Amino acid sequence: MDAVRWKGSDGKIYSGFQDGVKLLPGKLRLIDQTLLPEKLEYVETDNLEEIYSFIKRLVVRGAPAIGCAAALGLAAVSQKSSAADTKTFMDEVSSSADYLASSRPTAVNLFWALNRCVELLKSSKLKSPDEMKELLIREALEILSEDIEMCRAIGLNGACLIKDDTRILTHCNAGALATADYGTALSPIYVAHEKGLRLKVFADETRPLLQGARLTAWELDRAGVDVTVICDNMAAFVMRKKMVDIVITGADRIAMNGDSANKIGTYGLAVLASYHKIPFYIAAPYSTIDFSITDGSQIPIEERDRDEVIRGFGKLTAPASVNVFNPAFDVTPCELISGIITERGIIIPPFIENIENLYRK
Ligand code: MRU
């Protein structure tokens, strides 16, 4: 992967490594995921409204990638500030962060990353906006490189669940496109593939926006992993036919009791996996755990535009006047989850105790 290097005033070189979410000098650069798999194109910006729109329109999507893009975007936008003192600069940064945080409600990584940047600036004793600008860049790049490390560690920890000839079902996209590196749910798959294991991956198409078909299938195929796309309503059939050994998905927010929000359809998959006695795993870093909520009923669920359901990709597929309900996420109750693959290891039930033990002690 090609690296972006940036020299701090301490003389150290800081790097942003990845391709899908990246900081160029003064600009955020992203793969435009709305164009995949047809076209691989990049967008660049240092404009706050554009960054908000990129997150809202899913130009960049996937919980960790949204967090990284927001932090890098905030840093890029703030470089242009002409604030003469630290208070004015801080006010500008806080209001930009609040605005970006209103782009999507479910993935906690967005709030986690923005909050981390704002709180760091507030607690710093820096004396000039220029120093604060530099700190912001450094922190955003740190968030990016931590995500890279967490993806790799999730891959190594999760790979023990995958043997030769394992058949894995995944939903939505929790791969390289959704993070700063290998992904979460796809990371153990990449690690196992690199080890030379034979694998078969079923990618749920993931209605209505087809992240599974457009993105997961695209990136696994490019990496040489054997991937088969199925429509969401085929999952029960392939499970019944004993064609799936394990289900692994990502998450957008995990409550302390292990209840996990992820792309709409994940809950249904977990119910199916339980019925067919197939292990169901969530893969996610600590930035996806919301330590402030006890269970999944407290997770806000994004509802998106009706046209995504009835006019997907430009074709009217239902009467234009019909009622539409379009929740983008659902919550899988913890009792359906076999384990949560994290950068620190695999958390098993009881999640509430084990999440505490792993992260709080
Ligand atoms: O609406 P999206 O495409 O942002 O939803 C993404 C997902 O649900 C992913 O599974 C989740 O964010 C984990 S990404 C590592």
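Where is the place of Asp-165? Asp-165 is found in the loop between α5 (129-158) and β6 (166-170), where helices (H or I, at least four residues) and strands (E, at least two) are DSSP runs numbered from the N terminus. Although Asp-165 is not a glycine, it has a positive phi of about 70 degrees.

The model is a predicted one, in which local features need pLDDT of at least 70 and side-chain atom pairs count only at pLDDT 80 or more, while totals for chains, interfaces and linings use all residues. Residues are numbered from 1 along each chain as its sequence is written, and side-chain values use heavy atoms, with hydrogens and water left out.

Two further loops hold cis peptide bonds. One joins Arg-207 and Pro-208, with omega at about 0 degrees, and Pro-208 lies in the loop between β7 (199-204) and α7 (211-222). The other runs from Pro-349 to Pro-350, again with omega near 0 degrees, and Pro-350 belongs to the loop between β15 (345-347) and α11 (351-359). As background, most residues other than glycine have a negative phi, and most peptide bonds are trans.

Turning to the ligand, there are 17 residues around it, of which Arg-61, Ala-63, Arg-104, Asn-262 and Lys-263 come nearest; a residue counts as near if one of its heavy atoms lies within 4 Å of the molecule. Among the polar contacts (pairs of N or O atoms within 3.5 Å; within protein, one must be able to donate a hydrogen and the other to accept it, and residues adjacent in sequence count only if both atoms are side-chain atoms), an N or O atom in the side chain of Arg-61 is 2.8 Å from a ligand oxygen. A polar side-chain atom of Arg-104 lies 2.8 Å from an oxygen atom of the ligand, whereas for Ala-63 a polar backbone atom is 2.8 Å from a ligand oxygen. Taken alone, the ligand exposes 420 Å², and the protein buries 100% of that, with accessible areas taken from the Shrake-Rupley method with a 1.4 Å probe.

The shell around the ligand draws at least three residues from each of domain 1 (4-152) and domain 2 (155-360), the bounds coming from an automatic or database domain assignment. Within this shell, α2 (63-78) and β11 (260-263) each supply at least two residues.
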